[in-house]
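User: Hi! Could you walk me through this protein?
Analyst: Happy to, here it is.

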Amino acid sequence: MKSRIKKLLAAALALCLIAAMVPGAALADSHSVSDGQALTEALSTDPNANVTINSNITINNGFTVGSGQTVTVSNSHSLTIGNNATVTVASGGKLVIAGTLEVSGKITGAVESSGEVTVNGTISGAVQASAKLNVNEGATVGNITSSSEVTVNGTAGNVSLTGGTLTVGNNGKVGNVTLSNNATTATINGTAEDITVNVGTVT
């Protein structure tokens, strides 16, 4: 009888140890927010927050998406980063755009987008886009990987186009351009450092 109790206690202790080792991300709460205050509160109180923006939000003070956190702009909604706002996406954090993103301020870190993105300010990290991306005059973004339409009238890093089109306007400047997979055309009226064409055409 004593040995049976010892075995049960040992099994219970083992289960407690296993539960303690479950990653925090597996225990993360999902947050649905409709304003900037709720967004920043969710990010500041839950280190593994998975936040969905379900309204049109303008951010004027900025926020930080920490490692292990995800902020998603839901389909048909928008996130606008105001002129003086800075959004930081830490390594291991994610800013995912299913709706639309307009940046007049600055994003430090990477952006994943399946919705339209318009940049009037700065995205210092990489942009991975499967929907329209506009980099307007005076704006700056890092490297771009896209399977859709990209227009650069400002400055961008290297552009890897796996589908869609690239247009670099008269005042636009990009790094190395690579066309592959289903890319169709790149129209360079401005400046590109180098161009590699595996498929498609360059004009």
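Analyst: We can go through the core, a serine and a sheet.
Analyst: This is a predicted model, where local features need pLDDT of at least 70 and side-chain atom pairs count only at pLDDT 80 or more, while totals for chains, interfaces and linings use all residues. Residues are numbered from 1 along each chain as its sequence is written, and side-chain values use heavy atoms, leaving out hydrogens and water.
User: How many residues has the largest nonpolar core?
Analyst: That core has 47 residues. A nonpolar core is a set of buried Ala, Val, Leu, Ile, Met, Phe, Trp, Tyr and Cys residues joined through side-chain atoms within 4.5 Å; buried means under 20% relative accessible area (1.4 Å probe, protein chains only). Leu39 is among the residues with the most contacts inside it.
User: What does leucine 39 contact?
Analyst: Leaving aside neighbours within four places in sequence, leucine 39 is in contact (heavy atoms within 4.5 Å) with residues including Val33, Ile53 and Phe63.
User: New topic: is serine 113 buried or exposed?
Analyst: Serine 113 counts as buried because its relative accessibility is 5%. A polar atom of its side chain lies 2.4 Å from the backbone oxygen of glycine 115.
User: And what's the strand order in the open sheet of 5 strands?
Analyst: The order is E4-E7-E10-E13-E16, with parallel pairing. Strands (E, at least two residues) are DSSP runs numbered from the N terminus, and two strands pair if DSSP finds at least two bridges between them.
User: Which strands stand at the edges?
Analyst: Strands E4 (63–65) and E16 (140–141) do; each has a single partner strand, so one side of each is left without a neighbour in the sheet.

Key: Buried < 20%, exposed > 50% of the residue type's maximum accessible area, 1.4 Å probe, protein only. Polar contact = N/O pair within 3.5 Å; in protein donor to acceptor, adjacent residues only side chain to side chain. Helix = DSSP H or I, 4+ residues; strand = E, 2+ residues; numbered from the N terminus.
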